[in-house]
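Take a walk through this model, one element at a time.

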Amino acid sequence: MKKVVIFAFQGNPTCFVHVLKNAWDMNEKGMEVEVVIEGEAVKIIKEVEETDHKLNALYLKVKEKGLITAICKNCSAAMGVLEFNSTVGIPVVGSMSGHPPMAPYIEKGYHVITI
């Protein structure tokens with residue numbers, strides 16, 4: 001089975017929707033896929049969770065499927081959303097100097113994609 005992890009860094013909703021769409025599509029095709037939310041993308045979680053954002057349905061579908069597996073702790077703190085992101089049911093991770101590391105994914109055979 002192919003294994004892919006997508007690290008979403010861009011705070012632009014258009015980029016984030018592509019992360020979600022690709023994660024969903026890969027999962028539907030039988031791939032093992034995870035999404036890690038990093039950088040400016042950590043701000044999108046609050047926006048999507050609290051408002052009737054155009055990404056809501058897709059985001060909730062991907063989240064409920066368990067494909068979003070980490071939100072960056074340091075970036076959430078830097079962007080002022082750490083407290084909020086800690087309440088959404090997605091692990092807030094900072095085991096690599098406050099950020100989610102890529103190395104464990106590579107060690108497990110994941111292909112790393114950054115967007």
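Leaving aside residues up to four places away in sequence, V4 touches M26, E32, V33, E34, Y110, H111 and I113. The model is a predicted one. V4 sits in strand β1, which spans residues 3-8. Is V4 buried or exposed? V4 is buried, because its relative accessible area is 8% and the cut-off for burial is under 20%. Now look from V4 to I44. The two lie 40 residues apart along the chain. Their C-alpha atoms are separated by 22 Å.

Next comes V36, in strand β2. V36 is buried, with a relative accessible area of 0%. Its contacts, again not counting residues up to four places away in sequence, are V5, I6, F7, A8, T69, A70, P100 and Y105. K21 is 15 residues from V36 in sequence. In space, the C-alpha atoms of V36 and K21 are 14 Å apart.

Turn to the helices. Helix α2 covers residues 42-50. Which residues of α2 are buried? They are V42, I44, I45 and V48. These four cover an arc of only 140° around the axis, so they fall on the same side of α2. What do the buried residues of α2 pack against? Three of the partners are helix α1 (13-28), strand β2 (32-37) and helix α3 (56-64). The others are strand β3 (68-72), helix α4 (73-78) and helix α5 (82-85).

Follow α2 to its partner α3. The axes of α2 and α3 are 9 Å apart, and the helices pack at an angle of about 110°. The two helices are therefore roughly perpendicular to each other, since angles of 65 to 115 degrees count as such. From α2, the contact uses I45, V48 and E49. From α3, it uses N56, Y59 and K63. By class, this contact has three nonpolar, one polar and two charged residues. I45 and V48 also belong to the buried set of α2.

Stay with α3. Its buried residues are N56, L58, Y59 and V62. What covers them? The cover includes α1, α2 and β3. Just after α3, G66 takes a positive phi of about 80°.

Helix α1 meets α3 in another way. The axes of α1 and α3 come within 10 Å and cross at roughly 45°. That angle makes α1 oblique to α3. The crossing is left-handed. Which residues meet there? From α1 come F16, V17, L20, K21 and W24. From α3 come L58, Y59, K61 and V62. The residues of this contact divide into seven nonpolar, no polar and two charged. L58, Y59 and V62 are also among the buried residues of α3.

The last stop is S97. Where does S97 sit? Its place is in the loop between β4 (92-93) and α6 (103-107). Most residues other than glycine have a negative phi. S97 has a positive phi of about 50° although it is not a glycine. Is S97 buried or exposed? S97 is exposed, because its relative accessible area is 69% and the cut-off is over 50%. V36, in contrast, is buried at 0%.

Note on methods
Residues are numbered from 1 along each chain as its sequence is written. This is a predicted model: local features need pLDDT of at least 70, side-chain atom pairs count only at pLDDT 80 or more; totals for chains, interfaces and linings use all residues. Side-chain values use heavy atoms; hydrogens and water are left out. Buried means under 20% relative accessible area, exposed over 50%, partly exposed in between (1.4 Å probe, protein chains only). The arc is that of the directions from the helix axis to the C-beta atoms. Contact means heavy atoms within 4.5 Å. Axes are lines fitted to C-alpha atoms, for helices over the stretch in contact, and angles run from 0 to 180 degrees between N-to-C directions. Angles under 35 degrees count as roughly parallel, over 145 as roughly antiparallel, 65 to 115 as roughly perpendicular and the rest as oblique. A crossing is left-handed if the near helix is turned anticlockwise from the far one by less than a right angle, and right-handed if clockwise. Ala, Val, Leu, Ile, Met, Phe, Trp, Tyr, Cys and Pro count as nonpolar, Asp, Glu, Lys and Arg as charged, and the others, Gly among them, as polar.
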